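Open your viewer and get ready to select residues by number. We will go stop by stop.

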Amino acid sequence: MKDSNYLKERNAKSIWHPMAHPADSLNNPPTIVTEAEGTRISDVDGHQVVDAVGGLWNVNLGYSCEPVKAAIANQLDRLPYYSIFRGTSNDCVIELGDMLQDFFAPDGLTRAFYTSGGSDSVETALRLARQYHKIKGQESRTKYLSLKKGYHGTHFGGASVNGNANFRTAYEPLMPGCFHIPAPYTYRNPFNETDPERLAQLCLQALEDEIAFQGANTIAALIMEPILGAGGVIPPHESFMPGVRKICDQHGILLIADEVITAFGRTGSWTGSRHWGVKPDLMCTAKAITNGYFPFGAVMIADHVVEVFEGDTEGKAAIGHGYTYSGHPVGAAAAIACVTETLRLNVKDNAAALGQQLFEGLQKLYDDFDMIGDVRGGHGLMCALELVSERATKKPIDKVTPVKLQKAAYESGAMIRVSGPNVILSPPLVLTAEDVDTILAALRSGFQSL
Ligand SMILES: Cc1ncc(COP(=O)(O)O)c(C=O)c1O
């Protein structure tokens with residue numbers, strides 16, 4: 001490693017950071033993380049903190065997951081790469097495919113299509129949804145529906161169904177044929193409805209209205225996160241996703257569950273769809289499938305969709321889509337070890353229990369700091385605080401305060417993530433009760449310092 005003077009001097013001078021203004025990265029150089037162990041990360045100055053971000057919602061098993069590291073090292077030695085485009089395969093993708101078939105059997109998903117990450121998984125699902133209808137002779141079904149506030153990565157397809165202007169405006173025009181309905185976001189919504197169940201019904205009515213307006217026979221799929229994540233951790237009422245499922249079924253629209261952050265235990269259930277008792281037609285996964293140690297993902301496909309593709313005799317189901325790194329053997333080996341370890345540790349139960357502890361601790365902070373307008377969570381280890389400059393009017397916070405809070409919390413022992421007005425917490429699922437206390441104490445001292 002280069003010495004710390006060099007790293008600090010060169011920081012952000014030769015690279016642009018994702019999701020950052022290049023000038024801001026120069027003026028406020030990012031924290032340089034150099035080591036990690038368990039649930040903690042250390043920076044170039046040796047300052048160690050609990051990682052309340054969990055990498056980026058992906059390091060579910062922490063930073064010292066030896067089975068995944070060993071699987072990657074061994075696989076690099078044995079077969080560092082081979083493609084699985086038509087005509088070739090590798091042993092790892094086959095073994096992983098069987099494993100994923102078992103893991104996702106309760107969701108009714110029986111085939112995997114491998115990708116290199118979340119945005120790739122979203123792109124894949126959107127494409128397969130259109131192709132599904134074409135195979136069935138319903139060429140007119142090309143449009144997509146999604147939720148405002150939803151996050152689906154940054155490929156053009158994903159950005160087009162994305163529900164946040166920050167990821168759209170600079171890159172417009174986006175893909176035509178994408179339409180958004182209100183999110184079941186109780187704190188702010190166009191209906192001024194504060195009751196989650198009534199709000200869910202209103203959003204479902206808006207969905208039905210949009211389908212009637214567009215014409216059901218023009219819509220290929222609806223994509224949604226079971227719990228909206230990057231948009232500020234927005235758990236819907238329990239009636240919402242089942243309601244979406246029902247409406248999609250009534251109109252022949254495929255339901256794509258974007259579970260890039262919710263699959264593999266984060267919500268306290270093995271998948272977000274299962275959390276709500278819903279079986280999607282396609283499911284996007286990535287991130288925690290390799291514990292974040294290797295870029296990898298899988299789109300899982302429901303049995304009835306599989307039947308349409310595999311039963312095609314006209315060549316329409318030939319898949320003209322895929323990535324050089326679809327089914328990378330090192331990623332697949334990492335995923336085999338990761339899924340095995342995820343199940344062995346049964347991390348979903350720890351996520352549920354400690355998620356509750358974290359959520360209750362955040363509610364205590366709400367009692368003490370007026371700057372917290374809303375506390376969201378209660379479904380595993382995904383929580384958020386929405387900051388306001390005035391609680392009574394919900395006036396949004398300025399841009400600087402969340403960044404100051406993040407810095408102060410970091411000094412006090414926890415890496416947190418701020419995204420606009422939201423503090424987002426998505427720690428590793430192997431967190432301990434003491435780690436939760438450390439995160440809460442760091443946040444408290446951060447708020448006190450403002
Ligand atoms: C729900 C969801 N979908 C898609 C993505 C995009 O994944 P990636 O950043 O791996 O491309 C993310 C990333 O956070 C996500 O949260």
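Where is Glu193 found? Select Glu193: its place is the loop between strand E6 (178–181) and helix H8 (196–214). Helices (H or I, at least four residues) and strands (E, at least two) are DSSP runs, numbered from the N terminus.

Before going on, two notes. This is a predicted model, with residues numbered from 1 along each chain as its sequence is written. Local features need pLDDT of at least 70, side-chain atom pairs count only at pLDDT 80 or more, totals for chains, interfaces and linings use all residues, and side-chain values use heavy atoms, with hydrogens and water left out.

**Stop 1: Glu193**

Stay on Glu193. Is Glu193 buried or exposed? Glu193 is buried, because its relative accessible area is 13%. Buried means under 20% relative accessible area, exposed over 50%, and partly exposed in between (1.4 Å probe, protein chains only). Now show its contacts (heavy atoms within 4.5 Å). Not counting residues up to four places away in sequence, Glu193 touches Thr186, Arg198, Leu199 and Leu202.

**Stop 2: the ligand**

Select the ligand next. Which residues are around the ligand? They are Gly117, Gly118, Ser119, Tyr151, His152, Gly153, Glu225, Asp258, Val260, Ile261 and Lys287. Each has a heavy atom within 4 Å of the ligand. This shell divides into 3 nonpolar, 5 polar and 3 charged residues. Here Ala, Val, Leu, Ile, Met, Phe, Trp, Tyr, Cys and Pro count as nonpolar, Asp, Glu, Lys and Arg as charged, and the others, Gly among them, as polar.

A polar backbone atom of Gly118 is 2.9 Å from an oxygen atom of the ligand. For Asp258, a polar side-chain atom lies 2.7 Å from a ligand nitrogen atom. For Lys287, a polar side-chain atom lies 3.1 Å from an oxygen atom of the ligand. Taken alone, the ligand exposes 390 Å², and the protein buries 81% of that. These areas come from the Shrake-Rupley method with a 1.4 Å probe.

**Stop 3: helix H13**

Select residues 347–368, which form helix H13. The expected span of a helix is 1.5 Å times one less than its number of residues. Colour the buried residues of H13, including Val347, Leu354, Phe359 and Leu365. What covers the buried residues of H13? The cover includes helix H12 (329–345), strand E11 (372–376), strand E12 (383–390), strand E16 (422–425) and helix H15 (433–449).

**Stop 4: Gly322**

Jump to Gly322, in the loop between helix H11 (303–310) and H12. Gly322 counts as partly exposed because its relative accessibility is 28%. Leaving aside neighbours within four places in sequence, Gly322 is in contact with Phe85 and Phe113.

**Stop 5**

Most residues other than glycine have a negative phi, and most peptide bonds are trans. Select Met19, which has a positive phi of about 55°. Met19 sits in the loop between helix H1 (4–10) and helix H2 (22–27). Met19 is exposed, at 58% relative accessible area. Then pick Trp57, with a positive phi of about 65°. Trp57 lies in helix H3 (residues 54–57), and is buried at 4%. Finish at the peptide bond from Glu172 to Pro173, which is cis, with omega near 5°. Pro173 lies in the loop between helix H7 (156–161) and E6.

Key
Polar contact = N/O pair within 3.5 Å; in protein donor to acceptor, adjacent residues only side chain to side chain.
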